[in-house]
Amino acid sequence: MKIEFPAARHMPQQRRLWQEAFGDTDAFLDSFYRSAYAPDRCRCVLIGDEIAAILYWIDCELDTHKLAYLYAVVTHPAHRGKGLCRKLIEDTHQLLASRGYAGAVLVPQKESLRCMYAGMGYESFGGLEEYSCSAGNITVPVRAIGPAEFAALRRKLAPTGTVIQEGAGLAFLAQQLQFYAGDDFLLAAYGEKDTLSGVELLGNPNAAPGILNALGFARGNFRVPGTKMPFAMFHPLSNHIRTPDYLGFAFD
């Protein structure tokens, strides 16, 4: 067993293991590998030349400190229960610290994983609230914006202690989402049929019915910063970093 960066020959295994674990489409994977992937931001456990476990990370920051958002962590079904995930994450922590990262964040898919990561020293932080509404009778001004303007406005509207997700992470999000701004809100969302899914709504949450009306959707589901839903987890890799207060985007 060895833990290494993947080689080009491992790409078919990477894609196959990802799809078996998460069920994502080829188009989604193409988007990820095109915009957010780099071999030196990926570590895998190799048994022989077969991938037994793998993780990726995307750079982000908090208070000018560099963080790694660990993403798509998975162990091959044939190798589960052997502690490979723990060894992989511990090795990755050491590598990240040697590269000057101050901490790592991740978003567990289910409560059992949250407990597992807590056992590795991660602690939950921040949270989200979700709500649904129908289009209102009033239309609020909404304009589509690009990733650069979205990033600049998000730094102003996001809560104090927000993890800044730009660079490759924002490039990946921009292929999945549309960005909108109004007089007192900022929205990242995608639409399906008559429903708008607001992955993040910052600013005035009461603008949601008017946003739906303006964009031509009958109903919407929105995520806003809050405390009701546990979300991200954090592990410090430096004594000079504080726990974040809010993450915002899971790359799901």
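**View 1. The largest pocket holds about 910 Å³ of space.** The model is predicted: local features need pLDDT of at least 70 and side-chain atom pairs count only at pLDDT 80 or more, while totals for chains, interfaces and linings use all residues. Residues are numbered from 1 along each chain as its sequence is written, and side-chain values use heavy atoms, with hydrogens and water left out. A pocket here is an open set of points on a 1 Å grid over the protein atoms alone, where a 1.4 Å probe fits and protein lies on both sides within 12 Å along at least five of seven lines; lining residues have an atom within 4 Å of a point. Points are joined across faces, edges and corners, and the volume is the space filled by probe spheres set on them.

**View 2. Meet the lining of the largest pocket, made of 37 residues.** Closest to the pocket centre are Phe22, Val73, Gln109, Leu113 and Tyr117. Helix 1 (11–22), strand 4 (65–75), helix 3 (84–98) and helix 4 (111–118) each give two or more residues to the lining, and strand 4 gives the most, with seven. Helices (H or I, at least four residues) and strands (E, at least two) are DSSP runs numbered from the N terminus. By class, the lining has 24 nonpolar, five polar and eight charged residues; Ala, Val, Leu, Ile, Met, Phe, Trp, Tyr, Cys and Pro count as nonpolar, Asp, Glu, Lys and Arg as charged, and the others, Gly among them, as polar.

**View 3. Arg43 sits in strand 2 (residues 42–47).** Arg43 counts as buried because its relative accessibility is 9% (buried means under 20% relative accessible area, with a 1.4 Å probe and protein chains only). Its side chain makes a polar contact with the side chain of Asp91 at 2.9 Å and reaches the backbone oxygen of Ile3 at 3.4 Å. A polar contact is a pair of N or O atoms within 3.5 Å; within protein, one must be able to donate a hydrogen and the other to accept it, and residues adjacent in sequence count only if both atoms are side-chain atoms. Leaving aside neighbours within four places in sequence, Arg43 is in contact (heavy atoms within 4.5 Å) with residues including Phe5, Trp57, Leu88 and Leu95.

**View 4. Helix 7 (residues 208–215) has Ala208, Gly210, Ile211 and Leu212 as its buried residues.** These pack against strand 7 (128–134), strand 10 (185–192), strand 11 (195–203) and strand 12 (219–225). Just after helix 7, Gly216 takes a positive phi of about 85°.

Notes
Buried < 20%, exposed > 50% of the residue type's maximum accessible area, 1.4 Å probe, protein only.
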